[in-house]
Amino acid sequence: PFTFLRTLGKQKVVLHEYMPKKDLTNFFNPIKKFTQQPFQPYNVVILILESFSTEYIGYYNEGVGYTPFLDSLLAHSYTFNNSFANAKRSIDGLPAISSSLPALLPESYITSVYSGNKLSGIAGYLDEKGYESSFFHGGNNGTMGFDNFTLTTGFKNYYGRSECKECRYDGQWGIYDDDFYNFFISKMNTMHQPFVNCFFSLSSHHPYNIPPDLAASFPSDESPLYRSIRYADYSLGNFFKNASQTNWYSNTLFVITADHTGPSSNTRYNNPVGAFRVPVAYFMPSVLEPQQSNTITQQCDIVPSILDLLNFDKHFVAYGNSVFNTNTPKFSVNYNGNTFQCINDKFVVQFDGESVTGVYDLKTDTDLKNNIYSANDPEQVLLIKSMKSFLQQFNAAMDKNQLTPR
């Protein structure tokens, strides 16, 4: 009865056949397998920073921002000038980041009729290599269904507000970031290596509360949003300071991103492209040389990129591509409920599920005012076919419960 009532009236995907099935993987293949090189059992820590738009980060804005620590970390990381979220909500960001599953359904996957599908993710795949795994989110346990989602996609442990008894409650949303980062490190110090852990911060979420004892440390004349970003950055800096003193730090790949963008006050970001710009960075100085790449990347690229760097040698499903593989197309997809949007290094394509509604120049027309769609432009045609292939395979896999390797 619960399942029946919960899914009653839920929308299902529309199954389109844009092209013959035999042609689909010519444009995109969600089933991945990397060449068999010796597996590298690096620890993996994914840090999801609540509402951390690229707009707020000085590293991407000629030093103008609110994140002095993150700026310094990104300068020593593998970063991207064009990195995008796959959605605008936390409940959609987590599946994209941890399971390479974009938000292309009429509602969130976690609350959809498909939430009972078999789905894996970074923790599930690395479980096959003997990894310990945990997910940390300082909100009330059960928030947005994160506990069930992470456990069913392979994370062995879930830690929320209930598990951190000594942590300070912000009075509304959950545990203050600096307290929960300390809790995070204390748990990792007891874990068997290798491990894969995901940490989701929350203090930069409305109403942007920061601990009263630290209030004087941040400019009083700034908006609560920017002060909370500064506090979140301060907490992140303390985390890395403490982590650098552990025995697992040097063998750990850190992935830094955001769940989605926050409120915008900059016209550069207040448009259909800028509204999805978030950081995606890989930090492991012993393995990755610092680099600022112009490659397009998205949250769904995180899982395949991690597995590529570790030389993972088994099949897996990902609706993104590894940033470290130069032979695969790089793009970003998102959906606003009416229009699918696909971005590559030249174009922004908008598609309503039946027909192309616009093609725009990524570099000169981020406000999407000048439609340059041409059915005779081979580069546009290739991107549109790739997008259709992507959607056709995604919807079919969702409908037939084929989100894991068969």
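# Close-up views

**View 1. Helix H8 and the residue that comes after it.** H8 is followed by asparagine 311, a residue whose phi is positive, near 60 degrees. Here and below, helices (H or I, at least four residues) and strands (E, at least two) are DSSP runs numbered from the N terminus. The model is predicted, so local features are reported at pLDDT of at least 70 and side-chain atom pairs at pLDDT 80 or more, whereas totals for chains, interfaces and linings use all residues. Residues are numbered from 1 along each chain as its sequence is written, and side-chain values use heavy atoms, with hydrogens and water left out. Helix H8 spans residues 302-309 and is largely enclosed by the rest of the structure, because eight of its eight residues are buried; the term buried stands for under 20% relative accessible area, exposed for over 50%, and partly exposed for values in between (1.4 Å probe, protein chains only). The buried residues of H8 include Ile302, Pro304, Ser305 and Asp308.

View 2. Among the buried residues are Ser90, Leu94, Pro95 and Ser99, and H3 is followed by serine 100, whose phi is positive, near 55 degrees. Glycine 93 lies in this helix, which covers residues 90-99, and counts as buried because its relative accessibility is 0%. When residues up to four places away in sequence are not counted, glycine 93 touches Asp259 and Gln299, a contact being heavy atoms within 4.5 Å. Serine 108 is 15 residues from glycine 93 along the chain, and the C-alpha atoms of the two are separated by 9.6 Å.

**View 3. A salt bridge between aspartate 92 and arginine 89**. The two side chains meet at 3.1 Å, N to O, in one of the ten salt bridges that the structure holds; the criterion is a side-chain nitrogen of Lys or Arg within 4 Å of a carboxyl oxygen of Asp or Glu. Aspartate 92 counts as buried at 9% relative accessibility, whereas arginine 89, at 42%, counts as partly exposed.

**View 4. A salt-bridge network that links Arg168, Asp178, Asp179 and Asp213**. Arginine 168 forms a salt bridge with aspartate 178, their closest N and O atoms being 3.2 Å apart. This pair links distant parts of the chain, ten residues apart, with arginine 168 in the loop between strand E5 (157-159) and H6 and aspartate 178 in helix H6. Arginine 168 is partly exposed, with a relative accessible area of 29%, while aspartate 178 is buried at 12%. Aspartate 213 also forms a salt bridge with arginine 168, with 2.9 Å between the closest N and O atoms. In this second pair the partners are 45 residues apart, aspartate 213 being in the loop between strand E6 (195-200) and helix H7 (224-243) and arginine 168 in the loop between E5 and H6. Aspartate 213 counts as exposed, at 57% relative accessibility.

View 5. The structure holds 48 aromatic pairs. Phenylalanine 180 is buried with a relative accessible area of 2%, and phenylalanine 183 counts as buried at 5%.

**View 6. Charged side chains over aromatic rings.** The charged end of lysine 129 sits over the ring of phenylalanine 39, 4.9 Å from the ring centre; the criterion is NZ of Lys or CZ of Arg within 6 Å of the ring centre and within 35 degrees of the ring normal. Arginine 161 lies over the face of tyrosine 169, at 3.5 Å from the centre of that ring.

How values were computed
Phe/Tyr/Trp six-rings, centres within 6.5 Å; stacked < 30°, edge-to-face > 60°.
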